[in-house]
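Hi,

Here is the structure I promised to pass on. Have a look at it first, then read my notes below.

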Amino acid sequence: METIRNWLLPLLLAAGQGVLLWPGVGPDGTPGGPALFCVLGALALETAALGRRRTVPVRALACTLGSLVLGGVAWPDGYLGIGTLIALYSVAVRCPVPVTVRAVAAVVGVEWVLSAVREGPRPALLSDMVIALGVYLLCAGLGEARRQWLAGRLTAARRLAGAEHVRRLAADQERRRLARELHDVSAHHLTSVVVTVDAARRLQDSRPDLAAEALAFAERTGVETLTALQRLVGLLRDTDRPDHRPMSGRIEELVAGFGRLGRPVTAQLPGDLAGPSAEAIHGIVREALTNALRYAPGAAARVRVTRADGLLRLTVENAPPRTAPQGAGGLGAGRGVAGMRERAAAAGGDLTAGPTPEGGWRVRATLPDGAEPRRPDEPGWRRDVLREQRLADPALVLVSMALPVSCALALTEDWSAAARRAALPALLVVCGLLVLHALPLLWRRRAPWAVLLGVLATAWLGPAAVAGWHLPSHVAQFLAAGTLVETLAVYAVAAYGQGPGRTWPAPAAATLGAAGTVAAASAADGSVAGEPTGAAGTVLLVFVLSVLLAPVFAAVWGAGLFVRRRRLRALAFDDFAFASSMWQADRAAEAERQRLAATLPDAVPAHTRALVGAARRGDLAEVAGTARAALAAMREMLHRLDDGGEPGGRLAPSPAVGDLEALCRALRSGGRDVRLRGLPEAARDLPSSVQVSVYRIVEAALGAGDVGPARVTLRRWRGTLRITVTGVRLAVVGPVAERLRVQAAAGEGRILCEPAGTLRVVLPAGAVPAPVQEVSP
């Protein structure tokens, strides 16, 4: 389908130009001999260039310019050269505005040189130059408007792809969040009990008073752990929402709690920390200080949070341990640093951890500062707003100015030199009025009704000029060309207004305004088409012009409404799809919470209750044993959650290319038309790693969230396997595309994501590539 789109238009243009070459069909002087050979060469070059206008637009434009020069010189009266317009449009659609501006300058320059060579110095030359400038500017403006629209659609597609990714991983993310909560609740409290009780047992001969303090601390901490576990289960049965209250006090309280365990801990942090980043900082500080308590008992620690450039920078550093840690190796769950990294990544930041040169340990995290929202007066925001349609609207205004002026210049070609000199002041006045009449169109998107009223008001300057300056009739008639501006203003009201119910007066007002101004100019001049007229003739002229202009303005108004409706429908679909994906993500997370709350094992609470009982009986050895048993139960529970929440979970066998049939069949049963071509020939003798790569790539592409038809084609070619997936617009952008690029690179392959929704991947089919990585975007 993409190939047809690329080549259909160039071939049609070539066929049309070829018809003109047929004897008796084209204009007089059909080329022959070398000239015919040059025209055919120019036509072939233009067709080949336009076929690749979507992949290399600038090169295609350069080639079409060369064909325009070659064909225009060989056959000035018959070579059309329309391919230059199409190539310029493609440049405007696919390239930034500075490149488009340079392309317009190059094309206009070449066209002006050709016009000067063909026509020589005569009055029509200036008219042709103005028309060429207007046409090429309009073409570039339409292309730039299309580029803006596609950019918006691409942003919406990325947003939707991200929402689909969140929806697919919602249950897994919720399970990971629960694992972090369990680790934080259990590890912090139970590790403190083990460390305190072990210290009391070692020093019970020299410091017998520590035993009572350790028992009291174990009982109090065990009760706190049970309470925290009960609260966690209660949160699982309710919607978990982030707490946006300031957390600086909670972090300071956490640091003070570690200080009461007998270690010097200092903290330096802002007093207004809030939002998801502050929640992440709280969890990271708790885990980092817990690790320091395990592996560096008695060592000083420092917590520092600074704010700069919209970022929060956290540093948790502890000195080397004063004594070697005893039995600390079995207390952790093996996921402390990984859990801290997950917390930082969930808040949009990153984290590093490692030893210091002095022998201690340092944790550093960089997180976005949610307390500093972006202000509308920032330079970046202004730049984004001012870039909107910065070429399309000015180009349209210039065209609406240039075309009437060029028409006026073209009509003066038959005048004598004396007549042109005599009419020059009047021509300058008319050209100035036409330019002023079109100027309000610059604001047609932001204030369409005000633009229409401004256009109708400036149109009356023409009759006033005819009456005040007594413009000649043969010059005043050029003012009628300004009706094009009213047409564009009506379209703007329909396309950017408030719908048909509020914009229907626009075509009526434009009809009466245009007919009234033309009739008023004729009445001020005293003649219509060279014939004297009176009041009755003016009224009749208003009626005739209204009858002629009303269908035109009504059709333009309808076209604007049609474009507006299509645009709003596309935006509404994007919003609905995004909201639906997020709603499904919330439902999936809630279902996972309910399932985990119902199946959460009671091992950790049971051991914790036994710990409280042993502390009340005064048995230090039993307290230490039950605390370690509780930590072991917590570790087993976390491993079970990592395996998917089911005991004894095992990895499923790796899928292969043959499983694509089942995948497509499952999608078709769900209502999506997905076709697969190329099996089993393409899959014959493929290494297992390549088969896994192929399946993962196709699975990710088809699972990006598209609902329309899709086609998967596999083809072997010279030791490579070529995968083509069409109809996956959401897979070629955003996180899904990044995941596909990583998977293709892991298989030593190449990938091309086309904006139209086509994915092309080339993998080596002979050699065994690197194993496919399961990468989350």
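**Notes on the surface and the salt bridges**

Leu442 is partly exposed, with a relative accessible area of 34%; buried means under 20%, exposed over 50%, and partly exposed in between, with a 1.4 Å probe and protein chains only. Before you go on: this is a predicted model, where local features need pLDDT of at least 70 and side-chain atom pairs count only at pLDDT 80 or more, while totals for chains, interfaces and linings use all residues. Residues are numbered from 1 along each chain as its sequence is written, and side-chain values use heavy atoms, leaving out hydrogens and water.

Back to Leu442: you'll find this leucine in the loop between α14 (417–438) and α15 (448–459). (Helices are DSSP runs of H or I with at least four residues, strands are runs of E with at least two, and both are numbered from the N terminus.) Together with Leu436, Leu439, Trp443 and Leu461, Leu442 forms a nonpolar patch on the surface, with about 420 Å² of accessible area. Such areas come from the Shrake-Rupley method with a 1.4 Å probe, and for residues only the protein chains shown count as cover. Patch members have over 30% relative accessible area and no salt bridge; nonpolar side chains (Val, Leu, Ile, Met, Phe, Trp, Tyr) are joined within 5 Å and like charges within 9 Å.

Arg94, Arg146, Arg565, Arg566 and Arg569 make up a positive one on the surface. Lys and Arg count as positive, Asp and Glu as negative, and His and the chain ends aren't counted; the charge is placed at NZ of Lys, CZ of Arg, CG of Asp or CD of Glu. Helix α21 (residues 535–599) gives the largest share, three residues. Arg569 sits in helix α21 and is exposed, at 56% relative accessible area.

Now the salt bridges (a side-chain nitrogen of Lys or Arg within 4 Å of a carboxyl oxygen of Asp or Glu). Glu317 is in strand β3 (residues 311–318) and Arg302 in strand β2 (residues 301–308), so the pair ties together parts that are 15 residues apart in sequence. Glu317 is buried at 18%, whereas Arg302 is partly exposed at 37%. Arg302 and Glu317 also belong to a salt-bridge network with Arg362.

Another bridge joins Glu754 and Arg760, at 2.8 Å from N to O.

Cheers
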